[in-house]
Amino acid sequence: MENSLIDSVGNTPLVKLSESNVYAKLELLNHYGMKDRVAKNILLQAKKDGSLKPNATIIESSSGTMALGVAMVGTALGHEVIIVTDPRIDSLTLVKLKTLGANVHIVDKMNEHGWQGARLEYLFELFKIHPNHFWPKQYENPNNPGAYRPLANELMKELKSIDYLVGAVGSGGSLCGIASQLKLYNKDLKVIAVDSIGSIIFNQPLKSSRLQGGLGNSIKPKNVNYEIIDEVHWLNDNEAFESTLRLGKKEKIFAGNSSGSVYTVASWIGKQVGSNKVIVAIFPDRGDRYQDSIYNKQFWDENNLKLGTIPNNPTKVIEGEAVESWSYLTLRGDSIEDKESKHTSIHRV
């Protein structure tokens, strides 16, 4: 038995998917999602080092799971919590935040840096009103990636080895934090990032109109460690949402579009590298907050979304090439397809 809800964060299930060599870490089964780990680690460390002072107001910018994690942990520790978000926030998340006792401020228009930029601009104004505040700074706080060391250790308790890690990128904390710890066990681990088309994290043109939430960014977070990432895949809105429906139908996992996108990429990698390799996919978000979008036929019709859009294979691109559908870029070493081609050639000889 745990002493508090905060103590019970983590130790999420690891399940084998129908692809024999792909394992999914169900971070979506934390109380409010994967960012529960981040909120817990950042706020407890801040209490410990004194940067989160008694009676300080915690103020953070988020449109999803980070907001919920901060609201849960922050209010449980006795602090006022203010969440700055934007109109993309879903009604269920809004209800949860208010139930947890958070004060929610919604910006009404984006600036030249998109919704994230507008939220940060508003955030700075709140700092003037609340001088005794604490800002978790999820995009640059090292205690964000640091929160995922326990997750990596949980994986290694259940798997003898991991060859490929596949995860979505938003703040950069989860994928880079897990990868850096797993590389202590296997220095040859291949790290695959999954991003949304319209996100600028990997130097793509910004599309503030993108429908996806939970992954991608309109700013470049400092917690993205590019040196540790071997390959990046981008999926567009239609592909991401259809991937999410496929994940529910085939694997019976009711998830959000970050998990759906990761599922498609991890499944493809599993087919490329062979059954002797172990692929771990991180599923961060569950589907309840997407009941009015991904899981709503009217939303699909209104946004001209269609089934049957996911290609069998992604398109390989070069640095600087703008993408519109599922594509990937190799950042370090050989691409997965090239490595498999070399392996097949050697085997045939």
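Buried means under 20% relative accessible area, exposed means over 50%, and partly exposed lies in between, with a 1.4 Å probe and protein chains only. By this criterion Trp 135 is buried, with a relative accessible area of 19%. The structure is a predicted model, in which local features need pLDDT of at least 70, side-chain atom pairs count only at pLDDT 80 or more, and totals for chains, interfaces and linings use all residues. Residues are numbered from 1 along each chain as its sequence is written, and side-chain values use heavy atoms, with hydrogens and water left out.

Secondary structure follows DSSP runs numbered from the N terminus, with helices (H or I) of at least four residues and strands (E) of at least two. Two strands are taken as paired if DSSP finds at least two bridges between them. An open sheet of 8 strands has the order S1-S2-S10-S7-S8-S9-S12-S11, and its pairing is mixed. Strand S1 (14-16) and strand S11 (315-316) stand at the edges with a single partner strand each, so one side of each is left without a neighbour in the sheet. Strand S2 (residues 22-26) runs parallel to S10 and is joined to S10 by 5 bridges; the bridge partner of Lys 25 in S10 is Ile 282. Helix H5 packs on the sheet and touches S1, S2 and S10, with its direction at about 135 degrees to that of S2. Helix H6 lies across strand S7 (164-168), S8 and S10 and runs at about 160 degrees to S7. Axes are lines fitted to C-alpha atoms, for helices over the stretch in contact, and angles run from 0 to 180 degrees between N-to-C directions; contact means heavy atoms within 4.5 Å.

Within the sheet, S9 is mostly covered, as 5 of its 5 residues are buried. In a regular strand the side chains alternate between the two faces of the sheet. Glu 231, His 233 and Leu 235 point one way from S9, whereas Val 232 and Trp 234 point the other way. S8 and S9 run parallel and are joined by 5 bridges, with Trp 234 in S9 as the bridge partner of Asp 195. S9 and S12 run antiparallel and are joined by 4 bridges; Trp 234 stands opposite Ser 327 in S12.

A nonpolar core is a set of buried Ala, Val, Leu, Ile, Met, Phe, Trp, Tyr and Cys residues joined through side-chain atoms within 4.5 Å. The largest such core has 59 residues, of which Leu 165, Ile 178, Leu 182 and Ile 229 touch the most other members. The elements that give two or more residues to this core include helix H1 (35-49), helix H2 (65-76), helix H5 (149-158) and helix H6 (173-182). H2 gives the most, with 7 residues. Residues touched by Leu 165, not counting those up to four places away in sequence, include Ile 178, Leu 182, Val 191, Val 280 and Ile 282. A second, separate core of 28 residues includes Val 194, Trp 268, Ile 310 and Trp 326.

H2 is mostly covered, with 10 of its 12 residues buried. The cover of these buried residues includes H1, strand S3 (57-61), S4 and helix H3 (91-100). The end C-alpha atoms of H2 are 16 Å apart, in agreement with the 16 Å that its 12 residues should span at 1.5 Å a residue; the expected span is 1.5 Å times one less than the number of residues. Just after H2, Gly 78 takes a positive phi of about 95 degrees. Helix H7 (residues 237-251) has 15 residues and reaches 21 Å from its first C-alpha to its last, close to the 21 Å expected. The buried residues of H7 are covered by elements including S9, H8, S10 and H9.

Rings of Phe, Tyr and Trp (its six-membered ring) pair if their centres lie within 6.5 Å; planes under 30 degrees apart count as stacked, over 60 as edge-to-face and the rest as tilted. A search of the whole structure finds 8 aromatic pairs. Phe 124 and Trp 135 form an edge-to-face pair, at 5.7 Å centre to centre and 80 degrees between the planes. Phe 124 lies in helix H4 (residues 114-129) and Trp 135 in the loop between strand S6 (133-134) and H5. Phe 124 is partly exposed, at 41% relative accessibility. The rings of Trp 268 and Trp 326 have centres 6.1 Å apart and planes at 80 degrees, so this pair is edge-to-face. Trp 268 lies in helix H8 (residues 257-273) and Trp 326 in the loop between S11 and strand S12 (327-330), so the pair ties together parts 58 residues apart in sequence. Both Trp 268 and Trp 326 are buried.
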